[in-house]
Amino acid sequence: MESIWQKTAELPTFPTLEKDIKTDVLIIGGGLAGILTAYKLQEKGINCIVVEKDRICGKVTGSSTAKITSQHGFCYSKIFKSNGFESAKVYLHANEQAVREYEKLCKNIDCDFEKKNNFVYELQNMQLIDDELKALWKMGFDAEFQDKLPLPIKPIGAIKFKNQAQFNVLKFISNIAKDLKIYEKTFVKKLDGNSAITEYNKIAFKKAIIATHFPIINNHGLFFMKMYQHRSYVIALENAQQVDGMYVDQADSGLSFRNYENLLLLGGGSHKTGKQGGNWQELRDFKNLNYPESTEVACWATQDCKTLDHIPYIGPYYKGAKNLFVATGFNKWGMTNSMVSAMILTDLITEKENPFAKAFDPSRSFLKPQLLVNGFESIKNLLTPTPKRCPHLGCALKWNKAEHSWDCPCHGSRFTENGKLLENPANGDLK
């Protein structure tokens, strides 16, 4: 099950760490956020290394839809309500700057970068569109209402962001990663002071960044309380439709559309990890109804960390941390938020003030309604009697029939039928 990016891009390979080493900055996790941060640190002349337990960008990054946009559903009215006007404005400016950063970088990289308009649509509730437009206009952003879209579905309206982009994320990574110091197949089991302990070696560092999608350290940060995980599915169709833009339903369970060359990438079927959802079957039913002459040439799935207030956690791992940092909780929008992570963390590492850091600070208040929902789900699953338990915090695992895996509804760890770890925060196989 390979994504279209994995089928069309060849990533460089990197050695496995075979001895004890020292570095100024250690980045644990070789996804887009970790690679971009290493790239920016190297530009500043900072000695840093990236360690990845498998292959770089082999999980979430390589399974994305690779849309580069600051429009993340109808997030701005929600952030406005939960965190205030300034936080919403900072989030918008940070992600708009991220879009422009990609535009500059991709001028010299063959990664199928294309500027496109982005549309977020709503099927039923016009008030949601009105609220989002009011928030955007109050922040001075040039968002537009659109009443017709070139899609088989008929939403009541959509909001348009101009000058966004799409690309082949693994072709991009292949270019920027090739000159970085990276170790693959190098699994960090734990941190011991200023040392990372791998299966066979020790890495001494001055500062470290945890960029492992879901953070692997439980005794700081309380990320297991502040996040949950969500799965989404994609099929690539030949002979379907050229939609000339990027489109997504504002609802988590809705559909997503974009083209790549002659293919239509149709996304959706989403559900909370460990719960039931539409998965690929929902997408195939839609294809058969609306694109009956099309042919499916690839299918894949991905998993995203969702935060309590729609803003990622980027910054010191916990309040007062001086040498340990984190980037997580991208809420399905990892392309721009990975770039935002690189911008913020590079400044924090080099002790430079960053205008976005406060809004993304992981130590901000987490007393939000979603916290109660997360807590209830965790308690319910901890009390569920089943022989299959997640080694992360002991929650009951659920069988995922669509993907033949054991999934944790509490925090999103996933395992093969035979117990091999697929997705963290668990840091080891089932016993």
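1. In what order do the four strands of the open sheet run, and is their pairing parallel or antiparallel? The order is E18-E19-E20-E21, and the pairing is antiparallel. Bear in mind that this is a predicted model.

2. The edges of this sheet are E18 and E21. Each has a single partner strand, so one side of each lacks a neighbour in the sheet. From one strand to the next, the twist averages 35°.

3. Look at one pairing in detail. E18 and E19 are joined over three bridges, in the antiparallel sense. Trp399 has Trp406, in E19, as its bridge partner. As background, the strands of a sheet pair through backbone hydrogen bonds.

4. Next, the charged pairs. The structure holds 23 salt bridges. One of them joins Asp54 and Lys185, with the closest N and O atoms 2.7 Å apart. Asp54 sits in the loop between strand E2 (48-51) and strand E3 (67-68), and Lys185 in the loop between strand E7 (182-183) and strand E8 (188-192), so the bridge ties together parts 131 residues apart in sequence.

5. Are the two ends of that pair buried, partly exposed or exposed? Asp54 counts as partly exposed because its relative accessibility is 35%, which falls between the cut-offs of 20% and 50%. Lys185 has 48% and also counts as partly exposed.

6. A salt bridge within a helix is formed by Arg100 and Glu103. Their closest N and O atoms are 3.2 Å apart. The two are three residues apart in helix H4 (residues 85-106), so about one helical turn separates them. Arg100 is partly exposed, at 29% relative accessible area.

7. What does Glu403 meet in a salt bridge? Its partner is Arg231, at 2.7 Å from N to O. This pair links distant parts of the chain, 172 residues apart. Glu403 is in the loop between strand E18 (398-400) and strand E19 (405-407), while Arg231 is in strand E11 (residues 227-238).

8. Glu403 has a relative accessible area of 14%, and Arg231 has 2%. Each counts as buried because the cut-off is under 20%. The bridge is also part of a network: salt bridges with shared partners join Arg231, Glu403, Asp407, Arg414 and Glu423.

9. Now the second largest pocket. Its volume is about 900 Å³. There are 35 lining residues, and those nearest the centre are Asp54, Gly58, Lys59, Leu421 and Leu422. Strand E15 (295-307), strand E20 (414-416) and strand E21 (421-423) are the elements that give two or more residues to the lining. E20 and E21 belong to the sheet of point 1.

10. How many residues of each class line the second largest pocket? The lining has 14 charged, twelve nonpolar and nine polar residues.

11. The structure holds one cavity of 30 Å³ or more. The largest cavity has a volume of about 30 Å³. Its lining consists of Phe214, Pro215, Ile217, Asn218, His220, Leu222, Phe223, Phe224 and Tyr317. By class, that gives seven nonpolar residues, two polar and no charged ones.

Key:
Residues are numbered from 1 along each chain as its sequence is written. This is a predicted model: local features need pLDDT of at least 70, side-chain atom pairs count only at pLDDT 80 or more; totals for chains, interfaces and linings use all residues. Side-chain values use heavy atoms; hydrogens and water are left out. A salt bridge is a side-chain nitrogen of Lys or Arg within 4 Å of a carboxyl oxygen of Asp or Glu. Buried means under 20% relative accessible area, exposed over 50%, partly exposed in between (1.4 Å probe, protein chains only). On a 1 Å grid over the protein atoms alone, a cavity is a set of points where a 1.4 Å probe fits but cannot get out, and a pocket is an open set with protein on both sides within 12 Å along at least five of seven lines; lining residues have an atom within 4 Å of a point. Grid points are joined across faces, edges and corners, and a volume is the space filled by probe spheres set on the points. Ala, Val, Leu, Ile, Met, Phe, Trp, Tyr, Cys and Pro count as nonpolar, Asp, Glu, Lys and Arg as charged, and the others, Gly among them, as polar. Two strands pair if DSSP finds at least two bridges between them. Axes are lines fitted to C-alpha atoms, for helices over the stretch in contact, and angles run from 0 to 180 degrees between N-to-C directions.
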